[in-house]
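Let's take a walk through a protein model together.

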Amino acid sequence: MTPAKEVGGDLYDYVMQGDKLYFALGDVSGKGVPASLFMAQATRLFMTLAKQGMMPAEICTRMNDALSGEDNESGMFVTLFLGLVDLTTGHLDFCNAGHNPPIIGGGENHGDFLDMLPNAPIGLWPELEYEGEGIDTIKGRPLFIYTDGLNEAENRQQEQFGDDRLIDILRNTHFDSARQVIETLAEEVSRHRNGAEPNDDLTMMCIRITGN
């Protein structure tokens with residue numbers, strides 16, 4: 001996670017519950033101190049609800065109830081991808097709340113944007129019921145999650161890094177580890193910016209479960 005200013009509005013966190021891993025990555029509207037305070041609230045809620053063993057969709061519903069309505073006078077919101085993966089079977093339950101589609105490796109194309117239900121960002125409207133989804137197993141299929149500080153990163157000519165460049169790199173590079181995915185893309189974004197100041201916070205997460 002690399003903030004564009006001294007404090008940022010991106011968030012990521014995780015909770016281990018036995019052999020199950022909860023993880024979340026999100027992007028709060030706006031920048032600076034207000035975004036960072038809203039981010040801290042969202043992160044704390046995620047941690048509290050994940051430790052209660054809830055499913056991702058229920059966590060998003062509860063977070064939205066707590067962060068929207070009259071208490072959210074500034075109208076801030078957070079886009080969020082929230083997942084729960086069984087590290088033994090590789091089964092993934094997830095809920096996407098208006099966030100960029102992650103990229104999942106493998107398959108015929110050696111990587112595709114994840115096709116997801118269009119839930120709303122968290123914090124905009126109270127009393128929403130978020131819908132969750134699942135993938136039988138992500139073993140051997142790396143899952144890459146990011147904020148738009150990656151695909152919308154601009155160079156000095158205000159040209160964006162772009163989705164096409166992002167998925168092309170992931171499809172055509174051999175990665176030995178999840179860490180290498182992050183390091184490679186950080187280098188590629190820096191090369192693209194070519195000295196331009198970051199125009200947004202940038203956060204990346206890669207989950208890779210080995211095995212059959």
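This is a predicted model: local features need pLDDT of at least 70, side-chain atom pairs count only at pLDDT 80 or more; totals for chains, interfaces and linings use all residues.

Residues are numbered from 1 along each chain as its sequence is written, and side-chain values use heavy atoms, with hydrogens and water left out.

Now for the inside. In soluble globular proteins, nonpolar side chains tend to be buried together. A nonpolar core here is a set of buried Ala, Val, Leu, Ile, Met, Phe, Trp, Tyr and Cys residues joined through side-chain atoms within 4.5 Å. Buried means under 20% relative accessible area, exposed means over 50%, and partly exposed is in between (1.4 Å probe, protein chains only). The largest nonpolar core has 28 residues, and V28, F46, I59, M63, L80, L82 and I122 touch the most other members. Elements giving at least two residues each to this core are β1, β2, α1 (32-50), α2, β3 (78-86) and β4 (92-97). Helix α1 gives the largest share, 7 residues. (Helices are DSSP runs of H or I with at least four residues, strands are runs of E with at least two, and both are numbered from the N terminus.) Apart from this core lies another one, of 18 residues, including F144, F161, V189 and L202.

Next, the gaps. Rolling a probe the size of a water molecule over the atoms shows where empty space is left. On a 1 Å grid over the protein atoms alone, a cavity is a set of points where a 1.4 Å probe fits but cannot get out, a pocket is an open set with protein on both sides within 12 Å along at least five of seven lines, and lining residues have an atom within 4 Å of a point. Grid points are joined across faces, edges and corners, and a volume is the space filled by probe spheres set on the points.

The largest pocket holds about 420 Å³ of space. It has 17 lining residues, with Y12, I182, M204, M205 and C206 closest to its centre. Helix α5 brings the largest share, 5 residues. The second largest pocket has a volume of about 330 Å³. Its lining counts 21 residues, and G105, G106, P142, L170 and F175 lie nearest its centre.

Finally, zoom in on two residues. Y12 sits in strand β1. Is Y12 buried or partly exposed? Y12 counts as partly exposed because its relative accessibility is 41%. Y12 touches M1, A24, L25, T203 and M205, leaving out residues up to four places away in sequence (contact means heavy atoms within 4.5 Å). Then there is N64, in helix α2 (residues 56-67). N64 is buried, as its relative accessible area is 0%. Among the residues N64 touches, again leaving out those up to four places away in sequence, are P121, I122, W125 and Y130.
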